[in-house]
Amino acid sequence: MSPPLNDDRSTRHSVRATARRTAALVNALTAEPDPDPGAIAGILLDHGELGPLELTAGDVAGLRTAALRLREVFTADGADEAAGVLNRLLREGTGPLRLSSHDGRSPWHPHLDSDDEAPWGEWFLASSCMALTVLLWEGQRPPGGLCSSPGCGDVFLTVGSGPERRYCSRRCATRERVAAHRRARAGSRSP
């Protein structure tokens, strides 16, 4: 019997950590048509993937295809639509549920991709679908949203309690609040 892994590696497989990685990659991979493989590898490393990590243009293309599909979950209008998108993605892009420890190099965790050596895009779609599905299940609401700030376009997660979130960051929320204030002040000065 192998001892449990009680280090930081175990946290990289949590649902929320996977969902945070999903949002970060969706934003980076859909912001431009040809994302830089080094920048995408950096995001993966920042979110717990073990290095060294070298992605090819083909790897990034597969990740981007998955990101474009996953973006539909974040832009869904309500839990029913998000669940419908996730059900479609799970049906079309994942394999049977299995547990993996990557030959003892990580704690046991679920996988929906075809095997431990699946292409990056397949792995990203499958692991992201699983995390977003659990978040929808737990919260009974879409697991994320699209920033309401015009020109931003970033996705964000809706985890935790509190009022419904509209912006991806405090910066976007503040920018919109200041713009609304300026419009109101300009409108009150009009004759």
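Is cysteine 147 buried or exposed, and what is its relative accessible area? Cysteine 147 is buried, with a relative accessible area of 7% (buried means under 20%, exposed over 50% and partly exposed in between, with a 1.4 Å probe and protein chains only). The views show a predicted model, in which local features need pLDDT of at least 70, side-chain atom pairs count only at pLDDT 80 or more, and totals for chains, interfaces and linings use all residues. Residues are numbered from 1 along each chain as its sequence is written, and side-chain values use heavy atoms, with hydrogens and water left out.

**View A. Surroundings of cysteine 147.** Cysteine 147 lies in the loop between β3 and β4 (strands are DSSP runs of E, at least two residues, and helices runs of H or I, at least four, numbered from the N terminus). Leaving aside residues up to four places away in sequence, cysteine 147 touches Cys152, Asp154, Phe156, Arg166, Tyr167, Cys168 and Cys172 (contact: heavy atoms within 4.5 Å).

**View B. Helix α3.** The 18 residues of helix α3 (residues 57-74) should span 26 Å at 1.5 Å a residue, and the end C-alpha atoms are 25 Å apart, which agrees (expected span: 1.5 Å times one less than the number of residues). Buried residues of α3 include Val60, Leu63, Leu70 and Phe74. Among the elements covering the buried residues of α3 are α1 (15-30), α5 (120-139) and β3 (144-146).

**View C. Helices α1 and α5.** The axes of α1 and α5 come within 9 Å and cross at roughly 120° (axes are lines fitted to C-alpha atoms, for helices over the stretch in contact, with angles from 0 to 180 degrees between N-to-C directions). The contact involves residues including Leu25 and Leu29 of α1 and Phe124 and Leu135 of α5.
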